[in-house]
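Me: I am new to reading protein models, and I would like a close look at one part of this one. Please start with a single side chain and then lead me on to the ligand and the rings.

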Amino acid sequence: MKPVSLIQFLIEERRAGHINAELSLLIEVVARACKRIGVATGKGALGGVLGEAGTGNIQGEAQKKLDVISNEILLEANAWGGHLAACASEEMEDPQQIPDGYPKGQHLLLFDPLDGSSNIDVNISVGTIFSVLRCPDGVTEPKAEHFLQPGTTQLAAGYVVYGPSTVLVLTFGHGTHEFTLDREVGSFILSRRGIRIPEATAEFAINMSNQRHWQAPMQRYVGELLAGKTGPRGRDFNMRWVASMVADVHRIVTRGGVFYYPLDAKIEKQGGKLRIMYEANPMAFIVEQAGGAATTGRQRIMELQPTGLHQRVPVFLGSKEEVELATRYHLEADAAQG
Ligand code: AFP
């Protein structure tokens with residue numbers, strides 16, 4: 001089979017009427033920026049890019065040098081591309097306007113420039129997550145409120161994992177597809193078209209150290225997974241937790257599984273750990289387009305009306321059967337409490 005490059009695939013999607021020329025070029029710009037981020041992360045200690053930047057972000061987190069570098073690479077690449085009205089990032093409190101003198105486009109781009117950055121210094125896979133929305137008509141200086149659109153309005157979503165290989169996973173709402181970077185040629189090549197996540201799984205991912213803080217339905221659900229053959233599920237389950245959402249989700253997109261970051265007593269006030277606009281929504285779109293499911297434990301993530309650029313939500317995603325069961329346990333408990 002002749003290899004299909006990302007550029008060829010984007011042309012096919014345009015011919016199929018799934019995307020327009022501007023969105024296609026925007027994805028090319030984001031993919032090229034991610035190749036540069038991949039080079040920077042790959043340098044590790046030799047590139048002087050490990051460790052703290054000495055600055056903090058809007059989330060109150062200490063920024064890693066590579067958080068700042070990745071953010072700048074994406075901002076710079078998208079400033080002159082001409083496909084954006086504005087962009088927003090995990091690392092910036094407010095949206096970034098396109099500098100005057102540069103052409104503006106019809107799209108809004110949101111990104112987590114380097115997800116899992118607490119894993120960088122220990123050489124574990126990290127990634128970039130992005131989501132594309134349409135800029136509301138007539139808006140020339142988009143503000144945060146113009147980004148607050150439900151996940152169902154996403155035009156595109158994707159992530160890049162910087163691991164043993166560099167892999168881009170992408171959806172435009174017509175299936176989920178994977179591209180692997182051919183480092184010799186420098187091009188992303190289609191490696192899996194129309195990915196399907198198995199509906200059933202025996203593999204779950206959750207930070208078990210938070211167990212005592214979980215709500216009762218989550219205690220019940222995970223308790224049954226751990227009881228395995230000896231419990232009501234009648235079969236054993238295995239656990240994985242990379243603490244880089246992009247790596248945990250890529251494992252699920254590759255071989256199935258389920259990922260949970262539920263609400264717990266420690267994070268109740270902030271509404272969750274993961275951010276809806278540039279983590280939960282893009283991952284939900286990718287997983288749903290691959291036949292999986294994505295909820296907050298109570299409702300479909302992509303139907304949520306976002307209330308803030310850095311809003312946090314509980315995340316249940318992956319193989320349908322498990323996400324639906326965990327969600328049913330929460331809804332039943334809520335109904336029992338009346
Ligand atoms: P960082 O980007 O600060 O490393 O956070 C990673 C993350 O947002 C997500 O990628 C992980 O799934 C989750 O946090 C890990 O959370 P724990 O630190 O509680 O394991």
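Reply: Happy to! Let's begin with Lys64, which is found in strand β2, residues 62-64. Keep in mind that this is a predicted model. Is Lys64 buried or exposed? With a relative accessible area of 12%, Lys64 is below the 20% cut-off, so Lys64 counts as buried. Its side chain has a partner, too: Lys64 makes a polar contact of 3.3 Å with the side chain of Asp121.

For a contrast, look at Leu50, in the loop between α2 (21-43) and β1 (52-56). Leu50 has a relative accessibility of 27%, so Leu50 is classed as partly exposed.

Now let's go to the ligand. Which residues come nearest to the ligand? Of the 15 residues around the ligand, those are Asp115, Ser118, Trp241, Met245 and Tyr261. A side-chain N or O atom of Asp115 is 2.7 Å from an oxygen atom of the ligand. Gly116 takes part through its backbone, where a polar atom lies 3.0 Å from a ligand oxygen. Met245 also uses a backbone N or O atom, and this one is 2.7 Å from an oxygen of the ligand. How much of the ligand does the protein bury? On its own the ligand would expose 480 Å², and the protein buries 84% of that area. Two elements each give two or more residues to the shell around the ligand: β13 (258-261) and β14 (274-275). Sorted by class, the shell has six nonpolar, five polar and four charged residues.

Met245 leads us on to helix α6, which covers residues 245-255. This helix is mostly covered, with nine of its 11 residues buried. Met245 is one of the buried residues, and others include Asp248, His250 and Arg251. Just after α6 comes Gly256, which takes a positive phi of about 90°.

A pair of aromatic rings is described by the distance of the centres and the angle of the planes. The model has six aromatic pairs. One of them joins Phe9 and Phe179, edge-to-face, with 5.1 Å from centre to centre and 75° between the planes. Phe9 is in helix α1 (residues 6-15) and Phe179 in strand β9 (residues 176-182), so this pair ties together parts that are 170 residues apart in sequence. Both of these phenylalanines are buried.

Another pair is Tyr221 with Tyr260: their ring centres are 5.3 Å apart and their planes meet at 70°, so this pair is edge-to-face. Tyr221 sits in helix α5 (residues 216-227) and Tyr260 in strand β13, so to speak two distant parts of the chain, 39 residues apart, that the pair links. Tyr221 has a relative accessibility of 0% and counts as buried. Tyr260 is buried as well, again with 0%. To finish, look for Arg220, which lies over the face of Tyr329, 3.6 Å from the ring centre.

Note on methods
Residues are numbered from 1 along each chain as its sequence is written. This is a predicted model: local features need pLDDT of at least 70, side-chain atom pairs count only at pLDDT 80 or more; totals for chains, interfaces and linings use all residues. Side-chain values use heavy atoms; hydrogens and water are left out. A residue is near a molecule or strand if one of its heavy atoms lies within 4 Å of it. A polar contact is a pair of N or O atoms within 3.5 Å; within protein, one must be able to donate a hydrogen and the other to accept it, and residues adjacent in sequence count only if both atoms are side-chain atoms. Accessible areas come from the Shrake-Rupley method with a 1.4 Å probe; for residues, only the protein chains shown count as cover. Helices (H or I, at least four residues) and strands (E, at least two) are DSSP runs, numbered from the N terminus. Ala, Val, Leu, Ile, Met, Phe, Trp, Tyr, Cys and Pro count as nonpolar, Asp, Glu, Lys and Arg as charged, and the others, Gly among them, as polar. Buried means under 20% relative accessible area, exposed over 50%, partly exposed in between (1.4 Å probe, protein chains only). Rings of Phe, Tyr and Trp (its six-membered ring) pair if their centres lie within 6.5 Å; planes under 30 degrees apart count as stacked, over 60 as edge-to-face and the rest as tilted. A charge sits over a ring if NZ of Lys or CZ of Arg is within 6 Å of the ring centre and within 35 degrees of the ring normal.
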